Amino acid sequence: MERSEKSLKRLRVCVATCNRADYSKLAPIMFGIKSQPEIFDLDVVVLGSHLIDDYGNTFRMIEQDEFDIGSKLHTIVRGEDEAAMVESVGLALVKLPDVLQRLAPDILLVHGDRFDALALATAAALMNIRILHLEGGEVSGTIDDSIRHAISKLAHYHAVCTRSAERHLISMCEDHSRILLAGCPSYDKLLSAYKRDDYTDIIKSWLGDDVKEQNYIVALQHPVTTDIKNSIKIYDLMLDALISFNKKTLILFPNIDAGSKEMVRVMRRKGIEQHPNFRAVKHVPFDQFIQLVAHAGCMIGNSSCGVREAGAFGTPVINLGTRQTGRETGENVLHVRDADTHNKIYHALELQFGKRYPCSKIYGDGNAVQRILKFMQSIDLSEPLQKKFCFPQVKECISQDIDHILETQSALAVDLGGTNLRVAIVSMKGKVVKKYIQLNPKTFEERIELILTMCKQAMADAVHLNCRILGVGVSTGGRVNPQDGIVLHSTKLINEWSSVDIRTPLSSALHLPVWVDNDGNCAALAERKFGHGKGVENFVTIITGTGIGGGIIQHNELIHGNTFCAAELGHIVVSLEGPECMCGGHGCIEAYSSGLALQKEAKRLHDEDLLIVEGMTVNNKEQVNAVHLISAARLGNSKAESVLHTAGTALGLGIVNILHMVNPSLVILSGVLAAHYENPVRQVISQRALVSAQETKVMVSELEDPALLGAASMVLDYTTRRTY
């Protein structure tokens, strides 16, 4: 009877919010709790800068969201210096016990790294109240780190945003079974609200009717309490740079940390509040702030919003100073660690303003709230409250799963071939979890539409396959600018596919970062991560298929060249008067050794009745191709043998040229003709290469899908940090 009654009891959850920033993370969870009254009982406690007029009295937005605020605690001691922060913590500790004793929550939700949150965690821990800490384990580089980690040690349960944060908590001896890899709750709203139809009205309401999308700046900078003097200097220089840059700017007042008053004085000394290019405000409602950041030409400052939420939209960000040092960031963030004049910041604005970057999901995939609510329901209130620390450091562990929480980090790989369009879900270990194949349409619009349809289907299937999609990699023929995700010149097999931006439509529609590269380069990347090239510093991959392509890895990096034309290995010339190539030249390797070249020779021999030998048949309806040529040669056809000998020699000579140019330690032959060319290539190297290059290893690839695996490796291996 007692157990039955306990199981029917609603879970009493207290959510305590201290400022506008943490409310943006807590509000989605609060809405989720409120939507399930049969399971949860919600109490809301408001304290800190929410209740101060200078910071916008932001408690009103909580009331506007129709939450009943059970307790309002005035806990801020004015002064905005280090002593005032300490006194504010003390005042909160004096006032909180009565509130927590009256509410008697089963769980207290505490967010982040603010000094107010430290007071909440301290009071709850001493009063034996279970604490669920959101966004622990992250690293930013200021006093916030110390506060955040202190709260983590007081908390009993953790909901983290990233895999790195999870590992940090495990290395801090937190029990991995009490850590949930959820993602950031604010992303649940970000990803669904990005495409609001009225965003232009929001921009106009805050910045004026003449301001256009991506033609304004959002500025938000807070003091660094461990280095107040330098952070004020950076703030001063930022304002000078913004004035010189001469773009409409929405600037928010700094938070309540020590040093904020000095920052406000700097702002007023420069006349920012009266300047025609600036709109200075204390607070913007979160749903409107999302739109302003999403459609800005640039965001500048040191707010965590810049290194976290802005990445979901691909908004370019300039992160100033040290407040966010250590944060995981998308490639949209450019760091200016320090500056002596405003010129450096101005130059960063020139580099970033108006750009768009791939959408990043480092901090969430839009399903955090659902995971957190299930996690809270799984908490056994009958368990002893005393924390258990895991000593020594836990080895590679997986956080607790709730139902179908996605665990296997994976990529969507797209291979744009001449005939087929292929999409695959590829795991971190190179396993093709599921593959999708469709005929490749002829026009750009049809191709993009089909790619999106197939990718969306794969993303939906990924949920059931227990895969977490990190991004999209695209392998395509032709010359590619991988920096911008543009196919510059396509091959003849893929018509109407030149000067095409593939990255933008895919990233915008799928809300995922997108990488694009040439299929030969992708084959080399696949070998580097999953094949014979793993751990090899310098190697070359040669693709022998319909055409001849490849990629060059030097010092573990892929070579692209000045105009992205490096590693066009099929167009190395081995004869001044050789057959015509599809590129328009003569004597290229591809004109001798590609599948198309062999097919052409097979047709010529067949037309002259010189192909078919005893033991070999060709159906009249069957198209003669390279396979028939190889079969004829194996059955003793001297003409076919001569063609294949020439083809193997041409390929071998091209590879000898490569050995003499880049001196790799390994050559990997890939593609349908690779096994056939292995011995001829070795023979030519032994006969024609310099002695110092004759020992170069030649191997046949063992990868089944190098184009797809290479496309996936761009996603799985990407680095996110950029430093300026």
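Residues are classed here as buried under 20% relative accessible area, as exposed over 50%, and as partly exposed in between, with a 1.4 Å probe and protein chains only. The structure is a predicted model, in which local features need pLDDT of at least 70 and side-chain atom pairs count only at pLDDT 80 or more, while totals for chains, interfaces and linings use all residues. Residues are numbered from 1 along each chain as its sequence is written, and side-chain values use heavy atoms, with hydrogens and water left out.

By these criteria, buried residues account for 58% of the 724 residues in the protein. The C-alpha trace spans about 100 × 70 × 50 Å along its principal axes, and the secondary structure comprises 24 helices and 26 strands, where helices (H or I, at least four residues) and strands (E, at least two) are DSSP runs numbered from the N terminus. Helix H24 (residues 706-716) is largely enclosed by the rest of the structure, because 11 of its 11 residues are buried; among them are Pro 706, Gly 710, Met 714 and Leu 716.

Two annotated regions were examined, with UniProt positions given in the numbering used here, feature names shortened, and annotations that may be inferred rather than shown by experiment. An unreviewed UniProt entry places the feature "active site" at Asp 519, a residue that lies in helix H18 (residues 519-530) and that is partly exposed, with a relative accessible area of 29%. The feature "binding site" is placed by UniProt (unreviewed entry) at His 571, Cys 581, Cys 583 and Cys 588. These positions are spread over 18 residues of sequence, yet they cluster in space, the largest C-alpha distance being 8.8 Å. Of this group, Cys 583 is located in the loop between strand E24 (557-558) and helix H19 (589-593), and its 46% relative accessibility makes Cys 583 count as partly exposed.

On the surface, Asp 81, Glu 82, Glu 87 and Glu 262 gather in a patch of negative charge, a patch being made of residues with over 30% relative accessible area and no salt bridge, in which like charges are joined within 9 Å and nonpolar side chains (Val, Leu, Ile, Met, Phe, Trp, Tyr) within 5 Å. A salt bridge is a side-chain nitrogen of Lys or Arg within 4 Å of a carboxyl oxygen of Asp or Glu. Asp 81 is placed in the loop between strand E3 (69-73) and helix H4 (82-103), and at 34% relative accessibility Asp 81 counts as partly exposed. By contrast, His 283, in the loop between strand E10 (278-281) and helix H12 (286-294), counts as buried at 18% relative accessibility.

Conventions
Accessible areas come from the Shrake-Rupley method with a 1.4 Å probe; for residues, only the protein chains shown count as cover. Lys and Arg count as positive and Asp and Glu as negative; His and the chain ends are not counted. The place of a charge is taken as NZ of Lys, CZ of Arg, CG of Asp or CD of Glu.
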